[in-house]
Amino acid sequence: MDTTQPNILIVEDDEHINNIIFDVLQKENFIGTQAYSGSEGIMNVTRQEYQLIILDLMLPGLSGEDFMHQLRINLSIDTPVIILSAKDKLDHKLNLFKLGAVDYVTKPFDVEELLARIHVHLKRTSRTSVTRYRHKNLVLNSEAMSVKVNHTDLKLTRQEYKILELLVKNPERVFTKQDLYELAWEDIYIGEDKTITVHISNIRNKIKKHDEETYIDTIWGIGFRLKK
């Protein structure tokens, strides 16, 4: 995705307000994605990475508070969230900040003020390097060198982690055994052996304990690639 065009998710059931925000984002050359319920918003964040989320609280079905809980606790997604709400009590605002919101805008709001806050948080986000990579039900944290599948930690060896990291960070690339060996072991590949095959098999088996999805494709005669 072009980093000059941040992708912003709008979760707001009022179509008029949702459209106003969407139009403002377009004028700023941002990418806006519209969702009209908490459940639709959660579906979007599991399929797409966003640089910012604008979230109403009074949503049909899944409330804004429940959305925040799922986002931060169940999905471990740390995308900045700006809350939009007519509720203006301090204890309510503090509760949302505890759930991980970065800002709180009270309705009715001034569009220019909201836009200014959007710019501030996008600027902060752009200064923070991306350390999490998501693919299907897998979340890889390159800073912590950890991997979760369906919210469960995978116990990987150093080389298993390095192989999986290479695949997840480069989803379009097909890696040969030589590529994986020299990058994961930081050593010279001296010829055909079963080291890479065994490690790939171990990774697949560890993932399969928590998810039936296929994550690694074998490209016969060439090597391995992340399963699309």
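Me: What percentage of the 228 residues in the protein chain do buried residues make up?
Reply: This is a predicted model, in which local features need pLDDT of at least 70 and side-chain atom pairs count only at pLDDT 80 or more, while totals for chains, interfaces and linings use all residues. Residues are numbered from 1 along each chain as its sequence is written, and side-chain values use heavy atoms, with hydrogens and water left out. Buried means under 20% relative accessible area, exposed over 50%, and partly exposed in between, with a 1.4 Å probe and protein chains only. On that scale, the buried share of the 228 residues in the protein chain is 43%.

Me: How many helices and strands does the secondary structure of the protein chain come to?
Reply: Helices (H or I, at least four residues) and strands (E, at least two) are DSSP runs, numbered from the N terminus. Counted in this way, the protein chain holds eight helices and eleven strands.

Me: What is the handedness of the β-α-β unit made by S1, helix H1 (residues 15–27) and S2?
Reply: A crossover is right-handed if, with the strands pointing away from the viewer, the path from the first strand over the helix to the second runs clockwise. The β-α-β unit made by S1, H1 and S2 is right-handed.

Me: Within what arc do the buried residues of H2 fall?
Reply: The buried residues of helix H2 (residues 38–47) are Gly38, Gly41, Ile42, Asn44 and Val45. Seen down the axis of H2, they line one face of the helix, because the directions from the helix axis to their C-beta atoms fall within an arc of 160°.

Me: How are helix H6 (residues 158–169) and helix H8 (residues 195–208) oriented, roughly perpendicular or roughly parallel?
Reply: Axes are lines fitted to C-alpha atoms, for helices over the stretch in contact, and angles run from 0 to 180 degrees between N-to-C directions. The axes of H6 and H8 come within 10 Å and cross at roughly 80°. Angles under 35 degrees count as roughly parallel, over 145 as roughly antiparallel, 65 to 115 as roughly perpendicular and the rest as oblique, so H6 and H8 are roughly perpendicular.

Me: What is the omega of the peptide bond from Lys107 to Pro108?
Reply: Pro108 lies in the loop between strand S5 (103–106) and helix H5 (111–126). The bond leading from Lys107 into Pro108 is cis, and its omega is near -10°.

Me: What is the relative accessibility of Glu186?
Reply: Glu186 sits in the loop between helix H7 (177–184) and H8, and its phi is near 55°, a positive value in a residue other than glycine. Glu186 counts as exposed, because its relative accessibility is 61%.
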